[in-house]
Amino acid sequence: MDLQNFETIRAELKRHNTHLIAVSKTKPVEAITELYGAGQRDFGENKVQEMIAKYEQLPKDIRWHLIGHLQTNKVKFIAPFVHLIHSVDSLKLLTEVNKQAVKSGRVIDCLLQIYIANEDTKFGLSFEEAEPLLSSHEYLQLTNVRICGLMGMATNTDNEAQIEREFASLKKFHEQLKQKHFSDKPYFKELSMGMSSDYQLALKHGATMVRIGSVLFGERNH
Ligand SMILES: *Cc1c(COP(=O)(O)O)cnc(C)c1O
């Protein structure tokens, strides 16, 4: 791993007051240990089984971020320890997270994943779907989840103007929701957007967290 790269990115993010989530999916625990030794504490995984296996082997002050699609029947496995779920994309999932959070005696922080890309392969709620979720009676009764902000993935394209438009639209939607649904909830402040290829564009548009994998750990083999 290139620790020089890590230090450069860390300094760049610090200037923007932005958090680094090091995306360690498919990488061995040794790679995580190396970044941990350099001071990194937030790691992102997209598969529940892999996250659990790594959680069990690694220091307990690591903050684990679930960034991939989460199936309802797997929530119970991560509820005792997950730090932030970035990929909540339905009321059904949020209700299950709440149920498992109650069982674990925790309040679990979540982001709503919003669909901003011009692709049909990415998960997430549309702008139109997020509103009614937040206004629903069922959501308002959930006691053990906190929606701390939004997550989005831009289209995988070289067209930087398009990527910027998508990030800007998420930022704008974040501001609208904050005003309408979270004006008395200061914890609604996170905007998780930007990956290895586009995090600098995300920084321009107010990302509070970026999720970076391959630039830190090297390319994945699939
Ligand atoms: C894999 C992944 C990332 C990191 O991707 P890189 O291009 O390796 O930085 C970020 N977000 C999500 C949701 C991912 O699945």
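Author: Let's start with a term: on a 1 Å grid over the protein atoms alone, a pocket is an open set of points where a 1.4 Å probe fits, with protein on both sides within 12 Å along at least five of seven lines, and lining residues have an atom within 4 Å of a point. This is a predicted model, where local features need pLDDT of at least 70, side-chain atom pairs count only at pLDDT 80 or more, and totals for chains, interfaces and linings use all residues. Residues are numbered from 1 along each chain as its sequence is written, and side-chain values use heavy atoms, leaving out hydrogens and water.

Reader: Thanks! How much space lies in the second largest pocket?

Author: Rolling a probe the size of a water molecule over the atoms shows where empty space is left. Here, the second largest pocket holds about 210 Å³, a volume being the space filled by probe spheres set on the grid points.

Reader: Which helix gives the largest share of its lining?

Author: Helices (H or I, at least four residues) and strands (E, at least two) are DSSP runs, numbered from the N terminus. Helix 1 gives the largest share, 3 residues. Helix 1 (3-16) and strand 1 (19-23) each supply at least two lining residues. Among the lining residues are Arg10, Lys14, His19, Asp42 and Arg63.

Reader: And how do the lining residues divide by type?

Author: There are 2 nonpolar, 5 polar and 5 charged residues in that lining. Asp, Glu, Lys and Arg count as charged, Ala, Val, Leu, Ile, Met, Phe, Trp, Tyr, Cys and Pro as nonpolar, and the others, Gly among them, as polar.

Reader: Now helix 3, please. Which of its residues are buried?

Author: An α-helix has 3.6 residues a turn, so residues three or four places apart point the same way. Buried means under 20% relative accessible area, exposed over 50%, and partly exposed in between (1.4 Å probe, protein chains only). In helix 3 (residues 48-57), the buried ones are Val48, Met51, Ile52 and Lys54. Their cover includes helix 2 (29-37), strand 2 (42-45), strand 3 (63-66) and helix 4 (75-78).

Reader: Is proline 186 buried or exposed?

Author: Proline 186 is exposed, at 64% relative accessible area. You will find proline 186 in the loop between helix 8 (160-181) and strand 7 (190-193). From C-alpha to C-alpha, proline 186 and cysteine 148 are 8.6 Å apart, though 38 residues separate them in sequence.

Reader: Stepping back, what share of the 222 residues counts as buried?

Author: For the protein chain, that share is 51%. The chain has 10 helices and 8 strands.

How values were computed
Contact = heavy atoms within 4.5 Å.
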